[in-house]
Amino acid sequence: MQFLDDSLLPENQQPLVIQVAPYGPEFLPGDSDDIPVTMAEQVQKAVDCYNAGATVLHVHCREADGKGSKRLSMFNEMLDRLRTAVPKMVLQVGGSISFAPEGEGADAKWLNDDTRHMLAELTPKPDQVTIAINTNQMNICELLTADDVAGTSLADPAFQAAYSEMTIPSGPSFVAEHLKRLQANGIQPHFMLGDVGQLESVERLIRRGVYTGPLVLNWVAIGGGADGPNPRNVMEFINRCPENAVLTIESLMRHVLPLNTMAIAMGLHVRVGIEDNLWGRKGERMTSVQQVEQMARISRELYREVATGEQARQIYQIGTQYKSADETLARLGYAPNRRAGEHGERGEPLRRVA
């Protein structure tokens, strides 16, 4: 991505797309009075976030007992209700779900990766499913302080130990098959990337024709196996993104606000919600809706418009797929693949004049 002399002027920037993750699957219902539990409460939370200015909803589900759901049928019900309640929102299902078998005798039909590939068979289908690239540590506790988790289950040493040892299982064979199934079902992969190395892996997938579509991604600055919330890290990631990527900044707890403020000023997009952050000022809780309202307010103070649902779909290019690796590279602004015998002065691929 490039910054020209006029890139920071709001009239030259896209409207701001606000992602919201209001379901907080790592927390228990008693951790916050902002955690919806019943299906009706979960749907209403989506409505409230949309009315506040969010146009992308990161979807998880809870069972009636407050535990995170792993039932495909519950996600189907949730998506069906959301399509009616917030028809203009981009529905993005969190790709960390491993569905559990339902019904007597079903266990033998479910293999390890197949429980995650079932995300491609949700009905009604979501607009997006998030996908991580490369098996990696995901220690969400590395950046957390005692103040961050005060009054929540994550203050429990046993919970902290478990979440500190989390990993993301996302090896090459899973990624290739998952991308194939998502694209076949018209679901856009939303790449969740923690560093430049993961972005390079996505570029290789594109160059080899494994993925052929818009590059819509989050830079996930949560530490513990991903980049930390350092402005130098975000600028390096931005520098390495192709010109036509759609980039959202995501971080953890009170790092969310300063990084998102920078993102708004630079023409990028933002993510908020209690899955990432519980706090406003130090020691003061902030709901998902309040976080969305804050982003909308900051953006409008900078004279940058907040995207409507229709604009968010256009910016994300929901429903768009390309025919080949060559077309994908050209659309995204990457240099083309090298042809046999083709080289430039320093060995780089030559750009052909149309």
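## A walk through the model

Start by selecting helix α9 (residues 256–266) and helix α10 (residues 288–301): they pack at about 40°, and their axes lie 10 Å apart. The helix names follow DSSP runs numbered from the N terminus, with helices being H or I of at least four residues and strands being E of at least two. Axes are lines fitted to C-alpha atoms, for helices over the stretch in contact, and angles run from 0 to 180 degrees between N-to-C directions.

A word on what you have open: this is a predicted model, where local features need pLDDT of at least 70, side-chain atom pairs count only at pLDDT 80 or more, and totals for chains, interfaces and linings use all residues. Residues are numbered from 1 along each chain as its sequence is written, and side-chain values use heavy atoms, with hydrogens and water left out.

Stay on that helix pair and show side chains. L257, N260, T261 and I264 of α9 meet Q294, M295, I298 and S299 of α10 (contact means heavy atoms within 4.5 Å). By class, this contact has four nonpolar, four polar and no charged residues.

Next, select helix α1 (residues 39–52) and helix α2 (residues 72–85). Here too the angle is about 40°, with axes 10 Å apart. That makes α1 oblique to α2, since angles under 35 degrees count as roughly parallel, over 145 as roughly antiparallel, 65 to 115 as roughly perpendicular and the rest as oblique. On the α1 side, pick M39, A40, Q42, V43, A46 and V47; on the α2 side, M74, E77, M78, R81, L82 and A85. This contact has nine nonpolar, one polar and two charged residues.

The ring centres are 5.5 Å apart and the planes sit at 85°, so the pair is edge-to-face. Rings of Phe, Tyr and Trp (its six-membered ring) pair if their centres lie within 6.5 Å; planes under 30 degrees apart count as stacked, over 60 as edge-to-face and the rest as tilted. F75 is in helix α2 and F99 in the loop between β3 (90–93) and α3 (114–117), 24 residues apart.

Now for two backbone stops. Going from T123 to P124, the peptide bond is cis, with omega near 0°; P124 lies in the loop between α3 and β4 (128–132).

Finally, colour by pLDDT, the predictor's confidence in each residue, from 0 to 100. The protein chain averages 93, and 93% of the residues score at least 70. Over residues 104–111 the value is below 50, and over residues 350–354 it stays under 50.

Methods:
Nonpolar A, V, L, I, M, F, W, Y, C, P; charged D, E, K, R; others polar.
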